[in-house]
Amino acid sequence: MSSPPDARAAASQFEFRGEVSAIVPHGNGHINDTYLVTCQTQGAPVRYILQHINRHVFRDPVAVMQNVERVTAHLAAQATNQHDGERRALQLIPTHDGRDWQVDAQGETWRAYRFIENARTYETATSTEQAFQAARAFGRFQQQLSTLPPPRLHETIPDFHNTPKRFAALEAAIAADVAGRAAVAKPEIDFARAHESITGILLDAGLPERITHNDTKFNNVLLDDKTGEAVCVIDLDTVMPGLALYDFGDMVRTTTSPAAEDEQDLSKVAMQFPMFEALVRGYLESAGVFLTPAERKYLAFSGKLITFEIGIRFLTDYLAGDTYFKVHRERHNLDRCRTQFKLVESIERQEEEMNRLVESLTR
Ligand code: ADP
Ligand code: GN1
Ligand code: MG
């Protein structure tokens, strides 16, 4: 077993103001380790976010950080003349030797951001206004990055949203069944196989490549505590070339259902139509300026596809013995898979109506 990452040692390498007084784990991410760092200064305490990049998942942390440097700088440049500009883009804190990240003695990569105060993330959305805000912010994020100068961003995880490849990985995990779990997961495996035909639809639709976030979970946008406005899009490790619909699809997955991603009571999982409508309205308000007719046509479908895709990723990891996503209980990945597949069914039942709504809003 390797030792846990040493956050205290890592924190000592960054140009934080004042003395570090506390470092505590923060957030609910499945991949990286995030810490909230508090520093005592002569005035009010100052807070930072310190993150350790999971190099089992991100094989090239330097590529991740080069993308993050370019993306944060580009977004910050566009935020300068906006109200509240310094809260609108993540800001990296340099190390004592002037770098934007640090590699520690164990070869682990760390970075730090200014903590954006008076805002927070939520695991689930509770109002249409929240859904609207998130979608408009992720759409604006895509729009702002459409002017990022070359070169092309690194693909930090190749084929990240290649659903046919994700499906092939699932089949390989079923065949290997290394953890002896395929029998328990038979209903989910059957569900996945019954849906194989949808996996290639977006890739075959001839949609334009854009710069996309690729992890637009509702908990990856900070909402202002007072106004509820979306302040800042966070979690930039997977920003890379992709399809706009990967982002819209993941918003549908994480914003339209009132249930948590790992809810065990599946009766709580459902695609709520008013939330979908709010997402479409919010997204079109910002991304409407560049979306092509073909992209609009697949908005509803993308919700089904990305929900299915993350579902098969959870199922694959369950079968592989939980090596990718952090788990906190028995069958955690299977529970996550079940909520995704339940949501796919819910979307399927409403897909025609969702398409009609999109058509009426994009005419
Ligand atoms: P993960 O990849 O583990 O999901 P995130 O980058 O999303 O990591 O960060 C985890 C949580 O930390 C977020 O959900 C958010 O609540 C909080 N967070 C991250 N960055 C900031 C920041 N700059 N300011 C305030 N809160 C932040
Ligand atoms: C992971 O790191 P986090 O929790 O924001 C995953 C996403 C999944 C998500 C499912 C790099 O995101 O792709 O959609 O879990 N990130 C990576 O909740 O695999
Ligand atoms: Mg996150």
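User: What makes ligand 1 lie between domain 1 (7-117) and domain 2 (128-362)?

Analyst: This is a predicted model. In it, both domains give residues to the shell around ligand 1, so the ligand lies between them.

User: Which residues come nearest to ligand 1?

Analyst: Gln-51, Ile-116, Thr-121, Asn-220 and Asp-235 come nearest, out of 17 residues around the ligand.

User: How much of ligand 1 does the protein bury?

Analyst: The protein buries 92% of the 550 Å² that ligand 1 exposes when taken alone. Strand S3 (46-52) and strand S5 (109-114) are the elements that give two or more residues to this shell. By class, the shell has seven nonpolar, eight polar and two charged residues.

User: Why is ligand 2 said to lie between the domains?

Analyst: Domain 1 (7-117) and domain 2 (128-362) both give residues to the shell around ligand 2, so ligand 2 lies between them. The shell holds 18 residues, and the closest are Asp-215, Lys-217, Glu-261, Arg-313 and Tyr-324.

User: Which helix gives the largest share of the shell around ligand 2, and what is the make-up by class?

Analyst: Helix H9 (residues 299-319) gives the largest share, three residues. By class, the shell has eight nonpolar, four polar and six charged residues.

User: What makes Asn-220 and Asp-235 donors of the magnesium ion?

Analyst: Asn-220 (OD1) and Asp-235 (OD) lie 2.2 Å from the ion, ligand 3. A donor is an N, O or S atom within 2.8 Å of this metal, so both qualify. Asn-220 sits in the loop between strand S7 (210-212) and strand S8 (221-224). Asp-235 sits in the loop between strand S9 (230-233) and strand S10 (240-242). The two are 15 residues apart.

User: Why is Asn-220 called buried?

Analyst: Its relative accessibility is 3%. Buried means under 20%, so Asn-220 counts as buried.

User: Is Asp-235 called buried, partly exposed or exposed, and why?

Analyst: Asp-235 has 29% relative accessibility. Buried is under 20% and exposed is over 50%. The value falls in between, so Asp-235 is partly exposed.

User: What makes phi of Asp-84 a point to note?

Analyst: Phi is near 65 degrees, a positive value in a residue other than glycine. Asp-84 lies in the loop between helix H2 (61-79) and strand S4 (102-103). Its relative accessible area is 23%, so Asp-84 is partly exposed.

User: Where is Asp-159, and what is its phi?

Analyst: Asp-159 is in the loop between H3 and H4. Its phi is near 60 degrees, again positive in a residue other than glycine. At 33% relative accessibility, Asp-159 counts as partly exposed.

User: Which peptide bond is cis in the loop that holds Pro-151?

Analyst: The bond from Pro-150 to Pro-151 is cis, with omega near 5 degrees. Pro-151 lies in the loop between helix H3 (128-145) and helix H4 (163-176).

User: Why is Ile-347 called buried?

Analyst: Ile-347 has a relative accessible area of 0%, under 20%, so the term applies. This residue is in helix H10 (residues 332-362).

Note on methods: Residues numbered from 1 in each chain as written. Chains lettered and ligands numbered in written order. Predicted model: local features only at pLDDT ≥ 70, side-chain atom pairs only at ≥ 80, totals over all residues. Heavy atoms only, no water. Near = heavy atom within 4 Å. Helix = DSSP H or I, 4+ residues; strand = E, 2+ residues; numbered from the N terminus. Nonpolar A, V, L, I, M, F, W, Y, C, P; charged D, E, K, R; others polar. Domains from an automatic or database assignment. Donors = N, O, S within 2.8 Å, 3.2 Å for Na, K, Ca; no water. Buried < 20%, exposed > 50% of the residue type's maximum accessible area, 1.4 Å probe, protein only. Areas by Shrake-Rupley, 256 points an atom, 1.4 Å probe, with all protein chains shown as cover.
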